Amino acid sequence: MRRLLNTLYVGTQGSYLRKEGETIVVEQNSERVLQLPIHTLGGIVAFGNVLCSPFLLGFCAERDVSVSFMSEHGRFLAAVRGPVSGNVLLRRAQYRKADDPWVMRDVAKNIISAKLANSRLVINRTLRDHKDKVNTAALSDASTQLSRYLQQLERTKSADEVRGVEGIGAAIYFNVFNHLIIDQKTDFIFSERSRRPPRDEVNALLSFTYTLIAHDVRSALETVGLDPAVGFLHRDRPGRPGLALDLMEEFRSVIADRLVLSLINRRQVTRAGFKHAENGAVIMDDKTRKILLVEYQNRKQTEVFHPYIEEKIKIGLLFFIQANLLARYLRGDIDGYPPFFWR
């Protein structure tokens, strides 16, 4: 089993990262604040004005530690990675199958079946645990509708039809998302999904967490030798990691959304931790972003049962497991891609 390594998130503006022997040193105002052995890290994510020495970038590339650069508020900018890993024959198989409309449909259908089922699970758990605090009629109706569209998904005949069902399912889920907020209901109000920019505090939390998962899924795909740009559900677009976006659909509700809801419902974040920009964007402050990053790392250490491999694994390894299962399918080792259904 692959070992779950840590990701180093650096968000303090003006930080400088450099190599020292077999370690990575983080300096702020010319003072050393952190020193970590390279072998303990799987990746580095730098937010905003964070500098890395050229020697450190080369060192990380040699040791297969990806370095990603984000804007201060979580928009992906660029990444530095070493040579492409994996067998070229795997990528050739991926490209061929991504051009096959039947394979596109089957992979997309499997992914969206997990997305709808996992979204329904989040709703049902809220109904089970907080029945006296939520609109049970609205949530029950949404759960029933998602179940109906899961059945309809089985009858889809093309990837476009799968995309249509996915869009309807996402609308049903987000139409009741505000009911999943149990505490601080007047401070955190979700009306609709807004991305660029996020227009409220809940969307700011969701968008940032989705960015973290996309980064981890992309790294997992590259680790097993797949091209993260060539997907089956998301159409090809220059600069977009289509396959990473495909795979992360399985994890949005059960990892990202549940994390955001927990942060709000447990009062780990408050409305005071956000600011409103002139363009209408809502942005987390440094303290709130740090809380989210710490909780995301903690969540990745939590164990969950994987029904396909029939083992308990840490959540942070799910991305690698699913990338590896997809690679096995594309190589012809298994008959279909088995998505992850949360239990």
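## Largest pocket

In this predicted model, helix α6 contributes the most to the lining of the largest pocket, with eight residues. The space in that pocket comes to about 1,500 Å³. Its lining is made up of 50 residues, and the closest to the pocket centre are Arg 193, Arg 195, Arg 196, Ser 207 and Thr 211. Besides α6 (201-224), the elements that supply two or more lining residues are α3 (101-129), α5 (159-175), α7 (242-248), α8 (252-265) and β10 (282-284).

By residue class, the lining of the largest pocket holds 22 nonpolar, 13 polar and 15 charged residues.

## Overall fold and dimensions

Ten helices and twelve strands make up the secondary structure of the protein. The radius of gyration is 20 Å, close to the 20 Å given by the globule rule for 343 residues, so the protein is as compact as a globular protein of that length. The C-alpha trace spans about 60 × 50 × 40 Å along its principal axes.

Of the 343 residues in the protein, 53% are buried. Taking contacts between residues at least 6 apart in sequence, 62% join residues at least 24 apart.

Thr 288 sits in helix α9, which covers residues 286-300. Its relative accessibility is 4%, and buried means under 20%, so Thr 288 counts as buried. Setting aside residues up to four places away in sequence, Thr 288 touches Leu 205, Val 269, Gly 273 and Phe 274.

Ile 315 is placed in the loop between β12 and α10 (318-331). Although Ile 315 belongs to a loop, it counts as buried, at 3% relative accessibility. Its contacts, leaving out neighbours within four places in sequence, are Ile 255, Arg 299, Lys 300, Thr 302, Val 304 and Trp 342.

## Exposed loop residues with positive phi

Ser 30 has a phi near 65°, a positive value in a residue other than glycine. This serine is in the loop between β3 (23-28) and β4 (31-37). Exposed means over 50% relative accessible area, and Ser 30 is at 72%, so it counts as exposed.

Glu 310 also is not a glycine and has a positive phi, of about 55°. The loop that holds Glu 310 runs between β11 (303-306) and β12 (311-314). With a relative accessibility of 62%, Glu 310 counts as exposed.

## Arg 155

Arg 155 is in the loop between α4 (136-153) and α5. The relative accessible area of Arg 155 is 57%, so this arginine is exposed. Arg 155 and Lys 109 are separated by 46 residues in sequence, while their C-alpha atoms are 9.8 Å apart in space.

Terms used: Residues numbered from 1 in each chain as written. Predicted model: local features only at pLDDT ≥ 70, side-chain atom pairs only at ≥ 80, totals over all residues. Heavy atoms only, no water. 1 Å grid on protein atoms, 1.4 Å probe; cavity = no way out; pocket = protein on both sides within 12 Å on 5 of 7 lines; lining within 4 Å. Points joined across faces, edges and corners; volume = space filled by probe spheres on them. Helix = DSSP H or I, 4+ residues; strand = E, 2+ residues; numbered from the N terminus. Nonpolar A, V, L, I, M, F, W, Y, C, P; charged D, E, K, R; others polar. Rg over C-alpha atoms; globule rule 2.2 N^0.38 Å. Buried < 20%, exposed > 50% of the residue type's maximum accessible area, 1.4 Å probe, protein only. Contact = heavy atoms within 4.5 Å.
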